[in-house]
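Please read it beside the sequence and the coordinates.

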Amino acid sequence: MSLFQGVMPYLVSPLKEDAQVNETVLAKLCDDLIAKGVHGLTPLGSTGEYAYLNDAQKQRVIEVVVEAANGRVPVIAGVASTSTEGAIAQAKLYKKIGVSGIVSVLDSYFPLHKTEIESYFLSIADQAGLPVIVYTNPNFQRTDLTVDIIRVLAKHPNIIGLKDASSNTGRLLTIIEQCGDSLDVYAASSHIAVSVLMMGGKGIFAGPACVLPEKSVALYQACVAADWKKAAILQKQLWQFNDVFARYRLAGCIKTALQIQGYDVGNPVLPQAPLDEPARAAIAEALRKSMAD
């Protein structure tokens with residue numbers, strides 16, 4: 001039995017004009033997502049603008065989400081740093097607050113050697129005291145994780161999963177075959193969720209699930225039931241929004257969609273500018289199409 005399964009939306013980080021976390025909006029969003037059937041919540045991902053928040057904002061986001069979840073679903077927090085020490089400090093703090101696990105990202109400035117990359121994740125797994133899901137996204141990260149590195153990390157008992165956003169299904173098949181039951185694989189790109197789940201993946205981490213939770217859960221349930229025809233139909237419907245999501249900055253797109261749905265999540269964190277009216281119109285139309293039956 002895998003520790004984390006199902007649909008785990010990446011949450012936005014709603015901020016007020018004074019840069020304080022909008023706790024009321026964030027808590028309501030969490031409550032609504034749980035009511036709509038999601039299986040976990042993931043604060044401080046790319047959609048949550050972790051790279052733009054200060055330490056106090058990050059801590060408050062985690063506190064609000066853990067309190068709102070209230071044990072109903074696991075909270076799997078994003079942990080990212082350019083330094084091993086920084087990542088470990090985040091993980092220990094978030095554990096104290098009450099998260100169930102972490103999604104660990106390596107931010108890097110200088111190129112790193114294979115052994116340095118391995119050391120970063122293994123040190124976190126040694127000291128965090130939490131289940132760790134390793135995340136790699138070659139589209140955004142300077143340092144990618146090779147299959148050889150992933151195979152080494154999979155041997156650590158606290159590293160339980162991999163979230164791979166490469167969209168390379170051949171690579172994922174290789175990882176699944178080589179790591180076996182020692183590493184759960186999760187879809188990180190909404191448009192290949194069905195393919196990943198068909199290959200044996202355990203769930204979906206996705207920003208779009210924050211605004212389309214019910215359809216995302218229905219897709220997951222169809223995959224669990226091996227109703228691949230229904231799953232394919234839902235995947236195509238969700239693509240209407242995911243196509244737009246891929247065209248704009250993640251947080252700006254999801255925050256705009258949530259505003260359309262009535263959540264006062266605020267603007268992207270500066271220096272990111274709010275999306276213009278043509279972009280907002282495109283997002284509204286994509287959202288309408290994706291929500292249609």
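**Notes on local structure**

1. Ser-166 is situated in the loop that runs between β5 (159-164) and α6 (169-179). Helices (H or I, at least four residues) and strands (E, at least two) are DSSP runs, numbered from the N terminus. With a relative accessibility of 22%, Ser-166 counts as partly exposed; the term buried applies under 20% relative accessible area, exposed over 50%, and partly exposed in between (1.4 Å probe, protein chains only). Asp-144 is 22 residues away from Ser-166 along the chain, and the C-alpha atoms of the two are separated by 9.5 Å.

2. On the basis of these remarks: this is a predicted model, in which local features need pLDDT of at least 70 and side-chain atom pairs count only at pLDDT 80 or more, while totals for chains, interfaces and linings use all residues. Residues are numbered from 1 along each chain as its sequence is written, and side-chain values use heavy atoms, with hydrogens and water left out.

3. The loop between β1 (6-9) and α1 (23-35) deserves a reading residue by residue. Val-12 lies in this loop and, at 1% relative accessibility, counts as buried. Leaving aside neighbours within four places in sequence, Val-12 is in contact (heavy atoms within 4.5 Å) with Leu-26, Leu-29, Thr-47, Gly-48, Cys-210, Ile-254, Lys-255, Leu-258 and Val-265.

4. Asn-22 has its place in the loop between β1 (6-9) and α1 (23-35). Its relative accessible area is 10%, so Asn-22 is buried. Apart from neighbours within four places in sequence, Asn-22 has contacts with Pro-14, Leu-15, Lys-16 and Asp-264.

5. Ala-19 is also placed in the loop between β1 and α1. The phi angle of Ala-19 is near 75°, which is a positive value in a residue other than glycine. Ala-19 counts as partly exposed, at 34% relative accessibility.

6. Another backbone angle to check is that of Glu-49, where phi is positive, about 60°, although the residue is not a glycine. Glu-49 is found in the loop between α1 and α2 (55-69), and at 2% relative accessibility Glu-49 counts as buried.

7. A cis peptide bond links Leu-270 to Pro-271, with omega near 15°. Pro-271 lies in the loop between α10 and α11 (277-291).

8. How do helices α9 and α10 pack, and at what angle? Two packed helices are described by the angle between their axes and the distance between the axes. Helix α9 (residues 228-245) and helix α10 (residues 250-260) pack at about 135°, and their axes are 9 Å apart. That angle makes α9 oblique to α10. Axes here are lines fitted to C-alpha atoms, for helices over the stretch in contact, and angles run from 0 to 180 degrees between N-to-C directions. Angles under 35 degrees count as roughly parallel, over 145 as roughly antiparallel, 65 to 115 as roughly perpendicular and the rest as oblique.

9. In this packing, Phe-241, Val-244 and Phe-245 of α9 meet Leu-250, Cys-253, Ile-254 and Ala-257 of α10. The residues of the contact divide into seven nonpolar, no polar and no charged; Ala, Val, Leu, Ile, Met, Phe, Trp, Tyr, Cys and Pro count as nonpolar, Asp, Glu, Lys and Arg as charged, and the others, Gly among them, as polar.

10. Helix α9 also holds Ala-231, which is buried, with a relative accessible area of 0%. Not counting residues up to four places away in sequence, Ala-231 touches Val-194, Leu-219, Ala-222 and Cys-223. Between Ala-231 and Gln-221, 10 residues apart in sequence, the C-alpha to C-alpha distance is 8.4 Å.

11. There are five aromatic pairs in the structure. The ring centres of Tyr-109 and Phe-110 are 5.0 Å apart and their planes stand at 90°, so this pair is edge-to-face. Rings of Phe, Tyr and Trp (its six-membered ring) pair if their centres lie within 6.5 Å; planes under 30 degrees apart count as stacked, over 60 as edge-to-face and the rest as tilted. Tyr-109 counts as exposed at 64% relative accessibility, and Phe-110 counts as exposed at 62%. Tyr-10, Tyr-186 and Phe-205 form one aromatic cluster.

12. Lys-163 lies over the face of Tyr-135, at 3.2 Å from the ring centre. A charge sits over a ring if NZ of Lys or CZ of Arg is within 6 Å of the ring centre and within 35 degrees of the ring normal.
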